[in-house]
Structure formats: structure tokens, C-alpha cells
Amino acid sequence: MNYAGFDIANHLNEWAGGTDTSFPKYELLPSAAQKRAFVEAYVDRAYELEGREGEKASAAWSSEVELLLQDVEVFMLVNHFYWGFWGYCQGATEGCAEFDYINYGKERLDQARKIQDAVLG
């Protein structure tokens, strides 16, 4: 089982695509409002499954949303490193005849470098 922040970050990063062409379109990434809406829906559902529907929009709920949003931002960066290094490894072991893994890895690592200062402060 993966950490929720990592799974959500992976899902949101996949909005950029690139797994078909090796060129992600980062302008397609979700906005801050879209990320918040997704995380709020995630926490809402978690509360429902735990029988805590009456606590939605409470201080505890708001705190969980904020903490998960922070985790997601950090894991979006980690996710770029993860898939960037994966791309280089795949390119080295499988080659790039059917998919340009090296370019995909480069694109993901370039995006990691682009956002790391903003994420890590």
C-alpha cells in the first residue's frame, strides 16, 4: 500500500500525460483550486468510510486537508524524481525503439528541478 500523498501526487502529475509521446504537457497539471477540491473530496470520503460524516468541515477536517495538501505538493516533486529515474533505467535496459524513455526521464527531472525551490522553500 502506498502513502496517500504519493498516490494523489502521482494521479495529479498524470494529468500532464506524456506516457504516450514522452513529452508531458505540464500546462495541463491541475490548478491549486483543483488540487484542493480533489483533496477535500478524498478527506470527505475517508471520513464517510470511518463513520465521521458529522465531522466534515470541522477544525480537524480542515487540518487534515491542509496536511494532505502539503504532502501532495512535496510528493509531486518526489514523483517527478521517481519517474525521471525510472525513465533513464528503462531506456538503459529496454532501449528507446518503442518509447523514448530517456526523453521521458529527462522531462520529468527537468520538471522536478523547475519546481523544487517553490516546493521546498
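**Close-up views of helix contacts and salt bridges**

View 1. Glu40 and Arg36 lie four residues apart in helix H2, so about one helical turn separates them. In this predicted model, their side chains meet in a salt bridge, with an N to O distance of 3.8 Å. Glu40 counts as partly exposed because its relative accessibility is 25%, and Arg36, at 30%, is also partly exposed.

**View 2. Helix H2 against helix H3.** The axes of H2 (residues 32-49) and H3 (residues 59-94) come within 9 Å and cross at roughly 125°. The two helices are therefore oblique to each other, and the crossing is right-handed. Residues of H2 in the contact include Arg36, Val39, Glu40 and Tyr47, while those of H3 include Trp61, Glu64, Leu68 and Met76. By class, this contact of H2 with H3 has 11 nonpolar, no polar and seven charged residues.

**View 3. Helix H3 against helix H4.** The axes of H3 and H4 (residues 101-120) come within 7 Å, crossing at roughly 160°. H3 is therefore roughly antiparallel to H4. Their crossing is left-handed, and the contact holds 16 nonpolar, nine polar and four charged residues.

View 4. Asp110 pairs with Arg113 in a salt bridge whose closest N and O atoms are 2.6 Å apart. These residues, three apart in H4, are separated by about one helical turn. Asp110 is partly exposed at 27% relative accessible area, as is Arg113 at 46%.

**View 5. A network of salt bridges.** Salt bridges link Glu50, Arg52, Glu55 and Glu64 in a network. Between Arg52 and Glu50, the closest N and O atoms are 2.9 Å apart. Arg52 is partly exposed, at 21% relative accessibility. The whole structure has 10 salt bridges.

Key:
Residues are numbered from 1 along each chain as its sequence is written. This is a predicted model: local features need pLDDT of at least 70, side-chain atom pairs count only at pLDDT 80 or more; totals for chains, interfaces and linings use all residues. Side-chain values use heavy atoms; hydrogens and water are left out. Axes are lines fitted to C-alpha atoms, for helices over the stretch in contact, and angles run from 0 to 180 degrees between N-to-C directions. Angles under 35 degrees count as roughly parallel, over 145 as roughly antiparallel, 65 to 115 as roughly perpendicular and the rest as oblique. A crossing is left-handed if the near helix is turned anticlockwise from the far one by less than a right angle, and right-handed if clockwise. Contact means heavy atoms within 4.5 Å. Ala, Val, Leu, Ile, Met, Phe, Trp, Tyr, Cys and Pro count as nonpolar, Asp, Glu, Lys and Arg as charged, and the others, Gly among them, as polar. A salt bridge is a side-chain nitrogen of Lys or Arg within 4 Å of a carboxyl oxygen of Asp or Glu. Buried means under 20% relative accessible area, exposed over 50%, partly exposed in between (1.4 Å probe, protein chains only).
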